[in-house]
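Student: I would like to go through this model step by step, starting from a single residue and ending with the whole chain. Could we take it as a series of questions?

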Amino acid sequence: MTPPSSNGVLYIVSAPSGAGKTSLVKALLKADPAIRLSVSYTTRVPRPGETDGRDYHFVSRERFEAMLAEGEFLEHAEVYGNFYGTSKGVIARDLDAGHDILLEIDWQGAAQVKTHFPQSASIFILPPSFNALRTRLNGRGQDSAEVIERRLAAAAHDVAHAGTFDYIIVNDDFDHALQDLVAITRSIRLEAARQLDRYAMLFDEFGRI
């Protein structure tokens, strides 16, 4: 059942590793402070510059498995040997309170979230080419050659699922891709059902004439 339009919007953003998803999401959140980033749980080690509670909730594999057994996750997935999961209760409470929430998750997690929140808006970020993705991954200087090859192989599998998403953005030019992302969020806010609810008093005023 679709929730009332006064509820918040749940945005799901997915992409192959190195497609620029994280940078685009950070720019979107800066441009639109009304959207809140959902902080996922993960068992992977923090990367340089990442902070616990801001980028992820970094937990041990034992703690993650305990939370999973307790049914705390809306979705979870294993990626490159590490586990990721999203708190079900936190998402539901924020949406019920009218907050717009954004999830950065892989296509597997996106499919799981869609089953619980079919009204969510799913967005896939596509790199401009396979070679461009290889260049970006090499340029980060964070992974070994073996890991990069593994990520490239996984990228082909990720892209094969792009058609299951509501929107696809090609991140060839960053500024243009950001404009596309902002356009999606704005168009959803302007949907008739949401505007009728948001401006109920205005419509009521005209209805009395």
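This is a predicted model: local features need pLDDT of at least 70, side-chain atom pairs count only at pLDDT 80 or more; totals for chains, interfaces and linings use all residues.

Student: Which backbone oxygen lies 2.7 Å from a polar atom of the side chain of S120?

Tutor: S120 sits in the loop between α4 (107-116) and β8 (121-126). Leaving aside neighbours within four places in sequence, S120 is in contact with L10, I12, K114 and D166. The backbone oxygen that lies 2.7 Å from a polar atom of its side chain belongs to F117.

Student: Which helix gives the most to the nonpolar patch?

Tutor: The patch has a surface of about 680 Å² and is made by L196, Y199, L202, F203, F206 and I209. One of these residues, Y199, is placed in the loop between α8 (192-198) and α9, and at 41% relative accessibility Y199 counts as partly exposed. With 3 residues, the helix that gives the most is α9 (residues 200-207).

Student: What is the radius of gyration of the chain?

Tutor: The secondary structure of the chain comes to 9 helices and 9 strands. For 209 residues the globule rule gives 17 Å, and the value for this chain is close to that, so the chain is as compact as a globular protein of that length. The radius of gyration is 18 Å.

Student: What share of the residues of the chain count as buried?

Tutor: The chain exposes about 11,400 Å², of which carbon and sulfur atoms supply 54%. Of its 209 residues, the share that count as buried is 41%.

Methods:
Residues are numbered from 1 along each chain as its sequence is written. Side-chain values use heavy atoms; hydrogens and water are left out. Helices (H or I, at least four residues) and strands (E, at least two) are DSSP runs, numbered from the N terminus. A polar contact is a pair of N or O atoms within 3.5 Å; within protein, one must be able to donate a hydrogen and the other to accept it, and residues adjacent in sequence count only if both atoms are side-chain atoms. Contact means heavy atoms within 4.5 Å. Patches are made of residues with over 30% relative accessible area and no salt bridge: like charges are joined within 9 Å, nonpolar side chains (Val, Leu, Ile, Met, Phe, Trp, Tyr) within 5 Å. Accessible areas come from the Shrake-Rupley method with a 1.4 Å probe; for residues, only the protein chains shown count as cover. A salt bridge is a side-chain nitrogen of Lys or Arg within 4 Å of a carboxyl oxygen of Asp or Glu. Buried means under 20% relative accessible area, exposed over 50%, partly exposed in between (1.4 Å probe, protein chains only). The radius of gyration is taken over C-alpha atoms; the globule rule is 2.2 Å times the number of residues to the power 0.38.
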